[in-house]
Amino acid sequence: MSEVVETGVPGDLARHPRTPASDTPVLEVDDLVVEHRDGGTGAVFRAVDQVSLRIAAGESVAVVGESGSGKTTLAMAATGLGPRGQGDVRLLGHSLSAISRTRLRRLRPEVQVVFQDPHGSLDPRQSVRSGLRELRALQPERTSWIGDADLLGRVRLAADLLDRYPHQLSGGQAQRVCIARALLMRPRLIVADEPTSGLDVSVQADVLALLRQIRTTTGAALLMISHDLAVVRSLCDVVHVMYRGRVVEAGPCDRVFGAPENDYTRELLAAMPGARWRSRR
Ligand SMILES: Nc1ncnc2c1ncn2[C@@H]1O[C@H](COP(=O)(O)OP(=O)(O)OP(=O)(O)O)[C@@H](O)[C@H]1O
Ligand SMILES: [Mg+2]
C-alpha cells in the first residue's frame, strides 16, 4: 500500500549526478526512410519517409501523430533498436551506419526507452530486485551511484516493492519501476513511447510529473512519443508532427500549438477539447 515516498526535488537535485553537459546533439536524424512490408498485401511501404530531427543535450522533443503515422518506427530506428532503414542517424555523434558492435554496445546505456506497456517491458519471472541486479551486473560501474532502495525512492516507490514480481504491481507502479530501471543507467536520452497511455487516468499525471522531475534533475534529453498533445505541451520544448510517415510540421511547441501552419496539425489541434491550445501565448 505504501507506494508514495515523498522525495523532495531540491534534495534530489543536490544528490543526482547530472549528465555532463555537451555540445554534441544526443540524436541527429537525417532523411531517414524505414520501410515495412504490409502483412496483408505483401506490399512494401514507407512507415518513415524522409524524416529529419535533432535533439540537443538536455532538450525535450516530441513526436506526435495519429496511430500508424510511424512514430514508434521512427523512434526504434533512431535509437538503433529497430530496423534502421536508410538515411543517417547519429547517436551522441556516432553514425549508426558506421559504428562497430562494440561501440554500439557501449552506447546502449546512454539511451533508455520507456514503453507504453510497463508489464510487457518487465520480465514476469524476475522480482524488481533481481531485475535491477541483472542490470547492475551488465554495467557495474555505471550503476553503482545509487542503491536499490534510494533508486525506488527517486521514482516515489517504497523499498518494500523490491521483492515483488511484475504481476504484483499496479500499472503505475510497474511504469515507475521501468522508469527507475532507465534512470539507473544515467542515460543522456530517454525515449518515452506513449508512457502513460496504458495507465489509469488517475496515475497518468503522477507519471508525467515524475518524467518532468527526472528531466530537471538528471539533465537527460527526452524524446517523447505521444498522440496526447496535452502531455506534449506540458513536457516538451519542440514538437514534430507526423502524418503517414512524414513530418509535416516541426517547431517550438508554443509556435506549433499557437499558430499551426499545416492543415493536418490544425486538424489534430481541433480534435483536442477546448481552444486552449490556441490561447496559451
Ligand atoms: N514490424 C512491422 N511490420 C510491418 N508493418 C509494420 C511493422 N511495425 C509497424 N508497421 C506498420 O507501420 C506503420 C507505422 O507503425 P508505427 O508503429 O510506427 O506507428 P505509430 O505512429 O507508433 O502508431 P501508434 O500510435 O498506434 O503506436 C503502421 O502502418 C504499422 O501497421
Ligand atoms: Mg507507436
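**Close-up 1. Salt bridges in the predicted model, with the pair Arg46 and Glu35 in view.** In this predicted model, a search of the whole structure finds 16 salt bridges. One of them brings together the side chains of Arg46 and Glu35, with a nitrogen-to-oxygen distance of 3.9 Å.

Close-up 2. How exposed are the two partners? Arg129 is partly exposed, with a relative accessible area of 28%, and Asp163 also counts as partly exposed, at 48% relative accessibility.

Close-up 3. The side chains of Asp237 and Arg215 form a salt bridge with an N to O distance of 3.9 Å. Asp237 is placed in the loop between helix H9 (229-235) and strand E9 (238-243), and Arg215 in helix H8 (residues 201-218), so that the bridge joins distant parts of the chain that are 22 residues apart. With a relative accessible area of 37%, Asp237 is partly exposed. Elsewhere in the model, salt bridges that share partners join Glu28, Asp30, Asp88 and Arg90 into one network.

**Close-up 4. The largest pocket and the residues that line it.** The largest pocket holds about 500 Å³ of space. Its lining is made up of 20 residues, and those that lie nearest the centre of the pocket are Val111, Gln112, Val113, Leu135 and Arg181. Which elements contribute at least two residues each to this lining? They are strand E6 (111-114), H5 and H7, and E6 gives the largest share, with four residues. When the lining of the largest pocket is sorted by class, 14 residues are nonpolar, four are polar and two are charged.

**Close-up 5. The second largest pocket.** This pocket has a volume of about 170 Å³. It is lined by 15 residues, of which Ser67, Gly68, Ser69, Gly70 and Lys71 are the closest to its centre. At least two residues of this lining come from E2, and at least two come from helix H2 (71-78). Sorted by class, the lining of the second largest pocket has two nonpolar, eight polar and five charged residues.

**Close-up 6. The surroundings of ligand 1.** The residues around ligand 1 are His36, Arg37, Phe45, Ala47, Glu66, Ser67, Gly68, Ser69, Gly70, Lys71, Thr72 and Thr73. Among these residues, Gly68 has a polar backbone atom that is 2.8 Å from an oxygen atom of ligand 1. Ser69 likewise places a backbone N or O atom 3.2 Å from an oxygen atom of the ligand. In Thr72, by contrast, the atom concerned is a polar side-chain atom, which lies 2.8 Å from an oxygen atom of ligand 1.

Close-up 7. Leu92 has a phi near 50°, which is a positive value in a residue other than glycine. Leu92 is located in the loop between strand E4 (86-91) and strand E5 (94-95). Is Leu92 buried or exposed? Its relative accessibility is 14%, and Leu92 therefore counts as buried, because that class takes in residues under 20% relative accessible area. Phi is also positive in Arg156, another residue other than glycine, with a value near 60°. The place of Arg156 is in the loop between H6 and H7, and at 16% relative accessibility Arg156 counts as buried.

Methods:
Residues numbered from 1 in each chain as written. Chains lettered and ligands numbered in written order. Predicted model: local features only at pLDDT ≥ 70, side-chain atom pairs only at ≥ 80, totals over all residues. Heavy atoms only, no water. Salt bridge = Lys/Arg side-chain N within 4 Å of Asp/Glu carboxyl O. Buried < 20%, exposed > 50% of the residue type's maximum accessible area, 1.4 Å probe, protein only. 1 Å grid on protein atoms, 1.4 Å probe; cavity = no way out; pocket = protein on both sides within 12 Å on 5 of 7 lines; lining within 4 Å. Points joined across faces, edges and corners; volume = space filled by probe spheres on them. Nonpolar A, V, L, I, M, F, W, Y, C, P; charged D, E, K, R; others polar. Near = heavy atom within 4 Å. Polar contact = N/O pair within 3.5 Å; in protein donor to acceptor, adjacent residues only side chain to side chain.
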